[in-house]
Structure formats: C-alpha cells, structure tokens
Amino acid sequence: MLIAANFKSFHTRKSTKKYIKKLEKFIAQNHISDEICVIPPFSALRKSDTISIAAGNLYPAFEGSYTGEITLSQLNEFEISNVLIGHSERREILNETREFIVQKFEFAKETDLRVIYCIGEPFEVREKGFEAVKEYLLEQFDGIDTNYENLIIAYEPIWAIGTGLSATKEQINEVLYMLKTHFNKKLLYGGSVNDKNSEEILSIPSCDGLLIGSYSLKVENLCKIIEISKRIQDVNEG
Ligand code: PGA
C-alpha cells in the first residue's frame with residue numbers, strides 16, 4: 001500500500017520537520033512495510049531515508065524565468081522524485097488547463113519523475129450516475145501516456161475533498177475497478193479519508209493506497225491510518 005499525506009498549503013518548515021521526525025520514528029519502531037509519502041509545501045521540502053517526499057506541483061522546466069514557480073532544479077536539490085499532477089484544487093482554483101497539465105505530465109515523464117496523477121468528478125457529474133462519471137474521468141486522460149511505468153493514479157471525487165463526505169465503498173470500488181481494468185496502474189483513493197473509513201476503503205480489491213488531506217495534518221492521525229493498513233495486511237497474511 002501507498003499511504004500519502006497531502007499537506008496542501010498547511011504546515012511550516014518547522015512543523016514539517018517535527019512531523020517527519022515523528023513519522024520516521026514510528027515507521028522504524030513499528031516495522032512498517034507500506035510506502036509512506038508526505039507532500040509538504042515547497043518551503044518545507046526535505047530529504048528522508050524512509051519516507052517518500054513528493055512535490056505538490058511543478059513547473060515543466062529545469063529552470064527559467066517563471067517567477068513564483070518551482071522547477072526541477074529546485075526539486076533535485078532535495079532529491080524529490082515524486083510529483084502530484086492535476087490535483088483538483090490546482091485545476092479549479094489555479095485554473096490549470098488540460099493542456100498545461102499534459103505539458104507537466106510530459107515533462108515529468110521525460111525527466112523520470114514518478115507521477116501521482118489526480119482525477120475526479122464534480123458533484124453534478126456524480127449525480128448523473130456511474131456512466132457519466134466514467135466518461136468524465138476517462139476524458140481526464142486525454143494526452144496522458146497511461147503506459148508510463150512511473151504513473152500512479154489518484155481518484156479523488158471533487159465533492160469528497162475536504163468536505164467530510166467520503167465517497168461510499170461501492171462508488172470507490174466501481175471507479176477503481178474501472179480504472180484498473182483500463183490502465184492496470186497503482187490506484188489511490190482520496191477525499192475525506194479518516195480513521196473511520198480507511199479500513200473499508202483499503203479493503204477494496206483495486207485500491208493500492210490512500211491520498212489523505214485534512215486528516216493527515218496531525219502526525220498521530222496519519223500513524224493511525226498506517227496502523228490500520230498494517231493490521232489489514234497482517235490479517236490477510238494470516
Ligand atoms: P481531504 O483532501 O482528505 O482533506 O479530503 C484530500 C486531497 O485533497 O488530496
């Protein structure tokens with residue numbers, strides 16, 4: 001499983017350092033075999049031996065005159081090899097177009113970054129039922145090379161992000177199964193994941209992990225989810 005904590009624009013350099021230190025200790029003491037990923041704000045990027053660190057965004061260039069943006073040369077300094085692309089907050093609040101997202105994806109692919117590509121439907125589409133959701137989600141792959149071996153897909157229904165209203169097990173199962181059948185890639189679910197719903201989501205056969213926002217902001221909470229995932233695996237292994 002891959003358990004990822006998306007800090008968005010929360011946490012500082014100081015609080016991230018504290019968080020990561022606690023998390024590293026927890027991972028070592030509990031013999032955690034899941035991959036744990038933290039996506040801090042850029043000012044708090046750091047290296048870790050046991051945690052994968054990902055960037056929440058990337059301007060598609062090695063360096064250049066892109067005031068206020070972060071490019072690959074800055075990520076390289078922290079040995080960051082994972083990047084989130086297409087998060088709905090960037091698509092919606094920052095008005096990222098599909099063309100720009102494809103450009104970012106292409107750049108990440110050319111430079112061998114591992115991409116967590118986020119897709120998700122708005123509530124109006126969800127209301128129309130699964131076929132409409134399927135069509136909407138598949139359109140988000142236009143221009144994306146789904147054969148890229150370092151591609152992970154995160155399904156995050158927009159209406160479930162930060163709302164406290166997670167998609168149901170059936171809804172997640174239906175979408176992840178469809179995505180697995182189409183692309184056979186590692187699949188994450190995100191959208192109001194917490195300690196109450198993570199067990200049933202992690203038990204979905206096509207689910208390979210979680211992308212957690214608000215609930216993961218406290219390291220104790222992330223550790224709870226990691227424990228839940230470990231427990232499921234221990235039971236499965238008998
Ligand atoms: P949430 O965010 O867990 O707060 O819903 C998830 C995300 O945006 O990745």
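In this predicted model, the side chains of D234 and K230 pair up in a salt bridge, with N and O 3.8 Å apart; the term covers a side-chain nitrogen of Lys or Arg within 4 Å of a carboxyl oxygen of Asp or Glu. Both sit in helix 9, 4 residues apart, so about one helical turn separates them. Helices here are DSSP runs of H or I with at least four residues, numbered from the N terminus. D234 is partly exposed at 41% relative accessible area, and K230 is partly exposed at 29%. On this scale, buried is under 20%, exposed is over 50% and partly exposed is in between, using a 1.4 Å probe and protein chains only. As the model is predicted, local features need pLDDT of at least 70 and side-chain atom pairs count only at pLDDT 80 or more, while totals for chains, interfaces and linings use all residues. Residues are numbered from 1 along each chain as its sequence is written, and side-chain values use heavy atoms, with hydrogens and water left out.

The whole structure holds 14 salt bridges. One of them joins E220 to K22, with the closest N and O atoms 3.7 Å apart. E220 belongs to helix 9 and K22 to helix 1 (residues 13-29), so this pair ties together parts 198 residues apart in sequence. D195 and K196 also meet in a salt bridge, at 3.4 Å from N to O; D195 is partly exposed at 22%, whereas K196 is exposed at 68%. R90, E96 and K104 are linked in a salt-bridge network.

A pocket is an open set of points on a 1 Å grid over the protein atoms alone, where a 1.4 Å probe fits, with protein on both sides within 12 Å along at least five of seven lines; lining residues have an atom within 4 Å of a point. About 360 Å³ of space lies inside the largest pocket, volume being the space filled by probe spheres set on the points, which are joined across faces, edges and corners.

Methods
Helix = DSSP H or I, 4+ residues; strand = E, 2+ residues; numbered from the N terminus.
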